[in-house]
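Work through the exercises below with the model open beside you, and try each task before reading its solution.

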Amino acid sequence: MRDDVQMRPGQVTARLARYDPAPMLPRLPAVPRSASALARSRGGRRGAVPPNLRRWLSAPGSLTARLRLHGQVSVQVLSQGRRTLWPQEREALRCREGHVREVVLRVNGRAAVWARSSTPLGAVKGPWRAIKGLGTRPLAELLFEHSQVRRDPLIAQALSTQSPQRRRLARQWAHLAPTPKDPAPIWTRRSVFWHRGHPLQVLESFAPWVTTLPAGPKRR
């Protein structure tokens, strides 16, 4: 039996709400992959990844805080509960089933980032139990405000057309952003967060329009 909150067509706004817009400091820096590694992940040559996209894919700290530089951020829960994990998640988390939470982050109401977090079932009964009660609050409230949380390096890639990630994202995105000006994300980044020895992987997929924005505050 699954404990889940599932998105259905026509109900994509049912769990959309605001939260406190106060900024969160990027306390936990990640180790980004090199520009050449990002280019190879796409199958292109060095320089195939535009510089601004590369900055978003490798930006340390809280993604939510960076999005708040460009407007009001809201979280919409698409699905949450017990799931069979994707092959990549099984390898990262060392289990076949886990607790999965899928959301979209909106900036001023516009779909900006599709995100999926996954963790072993035992972890939501232990150090990651707060994830089940997040609701429309951002996951960043758990990840970047707890002194015991540590983060593995970021890994960026362009999703292949036949990957389970790309297929699921495309199905959900069709209901979130049905206009041609907002195509589904292709580029993603992921990293594993650790709390008391328990992993939680976060995958973030950027809408193309987001990657045209500055990834950080303007320099003076």
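**Exercise 1. State which residues line the second largest pocket of this predicted model, and sort the lining by element and by class.**

Step 1: The lining of the second largest pocket consists of Gln88, Glu91, Ala92, Asp152, Pro153, Ile155, Arg190, Ser191, Val192 and Gln201.

Step 2: When these are assigned to elements, helix 4 (87–93) and strand 8 are the ones that contribute two or more residues to the lining of this pocket.

Step 3: Sorted by class, the lining of the second largest pocket holds four nonpolar, three polar and three charged residues, and the space in the pocket comes to about 160 Å³.

**Exercise 2. Decide whether arginine 151 is buried or exposed, and find the polar contacts of its side chain.**

Step 1: Arginine 151 belongs to strand 6, which covers residues 150–151.

Step 2: Its relative accessibility is 14%, and because buried means under 20%, arginine 151 counts as buried.

Step 3: Arginine 151 and serine 191 are 40 residues apart along the chain, yet their C-alpha atoms are separated by 7.0 Å. Serine 191 is also one of the residues that line the second largest pocket.

**Exercise 3. Work out how arginine 101 is placed, and what its side chain reaches.**

Step 1: Arginine 101 is found in strand 4, and it counts as buried because its relative accessibility is 3%.

Step 2: The side chain of arginine 101 comes to 3.1 Å from the backbone oxygen of arginine 137.

Step 3: Leaving out residues up to four places away in sequence, the residues that arginine 101 touches include Val75, Val77, Ala115, Leu134, Arg137 and Leu139.

**Exercise 4. Count the cavities of 30 Å³ or more, and describe the lining of the largest cavity.**

Step 1: The count comes to one cavity of 30 Å³ or more, and the volume of the largest cavity is about 230 Å³.

Step 2: The largest cavity is lined by 22 residues, of which Ala115, Leu139, Ala140, Val202 and Glu204 are the closest to its centre.

Step 3: Among the elements that give two or more residues to this lining are helix 3 (63–67), strand 4 (97–107), strand 5 (110–120) and helix 5 (140–143).

Step 4: By class, the lining of the largest cavity divides into 12 nonpolar, four polar and six charged residues.

**Exercise 5. Identify the residues that touch the most other members of the largest nonpolar core, and the element that gives it the largest share.**

Step 1: The largest nonpolar core has 34 residues, and Trp56, Leu67, Val113, Trp114, Trp173, Phe206 and Val210 are those that touch the most other members.

Step 2: Strand 5 supplies the largest share of this core, with five residues.

Step 3: Taking tryptophan 173 from that list, and setting aside its neighbours within four places in sequence, its contacts include Val104, Trp114, Pro178, Asp182 and Ala207.

Step 4: There is also a second, separate core of 14 residues, which includes Trp128, Leu134, Leu139 and Leu142.

Conventions: Residues numbered from 1 in each chain as written. Predicted model: local features only at pLDDT ≥ 70, side-chain atom pairs only at ≥ 80, totals over all residues. Heavy atoms only, no water. Helix = DSSP H or I, 4+ residues; strand = E, 2+ residues; numbered from the N terminus. Buried < 20%, exposed > 50% of the residue type's maximum accessible area, 1.4 Å probe, protein only. 1 Å grid on protein atoms, 1.4 Å probe; cavity = no way out; pocket = protein on both sides within 12 Å on 5 of 7 lines; lining within 4 Å. Points joined across faces, edges and corners; volume = space filled by probe spheres on them. Nonpolar A, V, L, I, M, F, W, Y, C, P; charged D, E, K, R; others polar. Core = buried A, V, L, I, M, F, W, Y, C linked by side-chain atoms within 4.5 Å. Contact = heavy atoms within 4.5 Å. Polar contact = N/O pair within 3.5 Å; in protein donor to acceptor, adjacent residues only side chain to side chain.
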